[in-house]
Amino acid sequence: MEGHRMKTALAALLLGIGLVGAAALPAAAQSSVRVGGPVAEPQVDRDGPMVPTQIPGQSRGDSWHAIRLGEQGTVSIPNKQAGVLIQSEGEAWRAVRNGPLSDYGSWVLGGILALLALFFLVRGRIRIDGEKTGRTIQRFNAFERGVHWMTAGSFVVLAVSGLNVLYGRHTLLPLIGPEPFAALTHYGKLAHNFLGFAFILGVALIFVLWVGHNIPSRHDLTWFLKAGGLFSKGVHPPAHKFNGGQKIIFWSTVVGGAALGFTGVQLIFPFSFATLEEMQLYQLAHAAIAVVMIAIILAHIYIGSIGMEGAFDAMGDGQVELQWAREHHSLWVEEVTGETVRHGHHRTPAE
């Protein structure tokens with residue numbers, strides 16, 4: 001009987017030790033984590049391969065900070081620029097392009113269209129004030145007109161395709177759908193790239209042909225003081241072959257066209273002349289200059305078409321009504337015909 005009791009007591013003791021040990025295991029597992037105490041460093045397999053985000057002697061935070069700043073790594077492929085994992089300037093480029101550039105550009109283009117519409121409603125079409133003579137005088141020859149239309153035609157295609165790149169995703173895409181928009185953008189890009197060279201050639205020829213007629217003179221100051229007579233009937237300040245307003249168009253086309261050509265070539269041939277950061281700056285400059293140029297050319301198109309009677313003939317068949325020439329380019333008429341024109345008045349003396 002006594003032996004049986006000893007066996008029962010021993011079994012109960014062993015069972016109690018087992019239960020206590022089982023309950024102590026979770027506590028033992030948690031005892032290695034100490035709040036506020038030192039944290040054990042993870043074990044790194046020094047003999048195993050290096051984790052890609054680890055650089056010997058440099059913390060992971062410092063490594064990613066350097067990568068974020070555009071640090072150049074090494075690659076085994078020919079394109080060494082692939083060693084730059086993050087190009088942070090691209091983020092700034094995108095913010096400017098989709099922000100201020102897009103917003104201000106829309107205000108500039110919308111503003112010039114509104115001003116031209118308001119001017120037409122208030123002033124109407126600028127008519128020839130004096131009595132028409134029925135005689136014409138040659139203003140531009142065939143070669144000059146050909147250069148003008150080559151430059152103008154290429155610029156229109158460049159402007160439309162360029163505006164599609166800047167605004168098409170938010171304007172045309174919802175209207176015409178993905179497939180037509182993709183096709184339009186694709187062929188617009190091809191036209192933009194190839195016709196850009198025609199535009200560059202046209203700007204160069206325009207400079208050679210007319211730079212001698214576009215040197216500023218004292219008569220331009222008078223022209224600007226009288227606003228070219230655009231706001232008053234019967235007011236026609238004297239002007240040579242190109243008046244003050246046309247000289248602004250000329251120099252805007254030459255300087256702006258040269259800037260567009262330079263920046264455009266950098267973008268057509270990427271990495272041939274500029275780094276990625278420089279190309280991003282060139283793209284922003286290209287778009288900003290193009291928007292300003294489009295606004296200026298819209299005003300030029302307006303005056304040369306519906307805005308002024310007789311103006312389109314200059315680039316149509318090259319012949320303009322003599323009375324129109326007397327009113328808008330009196331000094332040039334004197335140089336060509338030798339007649340004396342009464343400057344600033346819409347009537348001419350008897351012949």
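The legends below describe close-up views of a predicted model of one protein. Residues are numbered from 1 along each chain as its sequence is written, and side-chain values use heavy atoms, with hydrogens and water left out. Because the model is predicted, local features need pLDDT of at least 70 and side-chain atom pairs count only at pLDDT 80 or more, whereas totals for chains, interfaces and linings use all residues.

**Figure 1. Overall fold of the predicted model.** The protein has 11 helices and 2 strands, where helices (H or I, at least four residues) and strands (E, at least two) are DSSP runs numbered from the N terminus. Along the sequence these elements are arranged as α-α-α-β-α-α-α-α-α-α-β-α-α. Of the 351 residues, 31% are buried, a term that stands for under 20% relative accessible area, with exposed over 50% and partly exposed in between (1.4 Å probe, protein chains only). Among contacts (heavy atoms within 4.5 Å) between residues at least 6 apart in sequence, 71% join residues at least 24 apart. The accessible surface comes to about 22,200 Å², and 67% of this surface belongs to carbon and sulfur atoms; such areas come from the Shrake-Rupley method with a 1.4 Å probe, and for residues only the protein chains shown count as cover.

**Figure 2. Segments annotated in UniProt as "transmembrane region".** An unreviewed UniProt entry lists residues 104-126, 147-170, 190-211, 248-269 and 281-303 under this name; the positions are given in the numbering used here, feature names are shortened, and annotations may be inferred rather than shown by experiment. In the model, the span 104-126 is 87% helix and 0% strand, and its end C-alpha atoms lie 31 Å apart. For residues 248-269, the end C-alpha atoms lie 31 Å apart, and the span is 95% helix and 0% strand.

**Figure 3. A nonpolar surface patch involving helix α3.** L118, F120, L121, V122 and I306 make a nonpolar surface patch of about 540 Å². Patches are made of residues with over 30% relative accessible area and no salt bridge, like charges being joined within 9 Å and nonpolar side chains (Val, Leu, Ile, Met, Phe, Trp, Tyr) within 5 Å. Helix α3 (residues 89-123) supplies the largest share of this patch, 4 residues, and L118 is found in that helix.

**Figure 4. The largest nonpolar core and a second, separate one.** A nonpolar core is a set of buried Ala, Val, Leu, Ile, Met, Phe, Trp, Tyr and Cys residues joined through side-chain atoms within 4.5 Å. The largest such core has 26 residues, of which I137, F140, W210, V320, W324, A325 and V333 touch the most other members. Two or more residues are given to this core by each of α3, α5 (178-210), α7 (244-268), α8 (276-307), α9 (313-316), α10 (322-328) and α11 (330-337). A second, separate core of 13 residues includes A159, Y167, L260 and M293. Not counting residues up to four places away in sequence, F140 touches R145, W210, K241, F242, A314, M315 and G318.

**Figure 5. Salt bridges in the model.** The structure holds 3 salt bridges, each defined by a side-chain nitrogen of Lys or Arg within 4 Å of a carboxyl oxygen of Asp or Glu. K132 and E309 meet through their side chains (2.7 Å, N to O); K132 lies in the loop between α3 and β1 (136-138) and E309 in the loop between α8 and α9, so the pair ties together parts that are 177 residues apart in sequence. E309 counts as buried, at 13% relative accessibility. D220 forms a salt bridge with K247, with the closest N and O atoms 2.9 Å apart, and this pair links distant parts of the chain, D220 in helix α6 (residues 218-225) and K247 in helix α7, 27 residues apart. Both D220 and K247 are buried. The side chains of E339 and R326 also meet in a salt bridge (2.8 Å, N to O), E339 being in the segment after α11 and R326 in helix α10, 13 residues apart. R326 is buried, with a relative accessible area of 5%.

Figure 6. V203 is found in helix α5 and, at 6% relative accessibility, counts as buried. Leaving aside neighbours within four places in sequence, V203 is in contact with T151, T253, V254, G257 and A258. The C-alpha atoms of V203 and V147 are separated by 8.6 Å, although these residues are 56 residues apart along the chain. H148 lies in helix α4 (residues 142-176) and counts as buried at 17% relative accessibility. Beyond its neighbours within four places in sequence, H148 is in contact with W210, H300 and M315.
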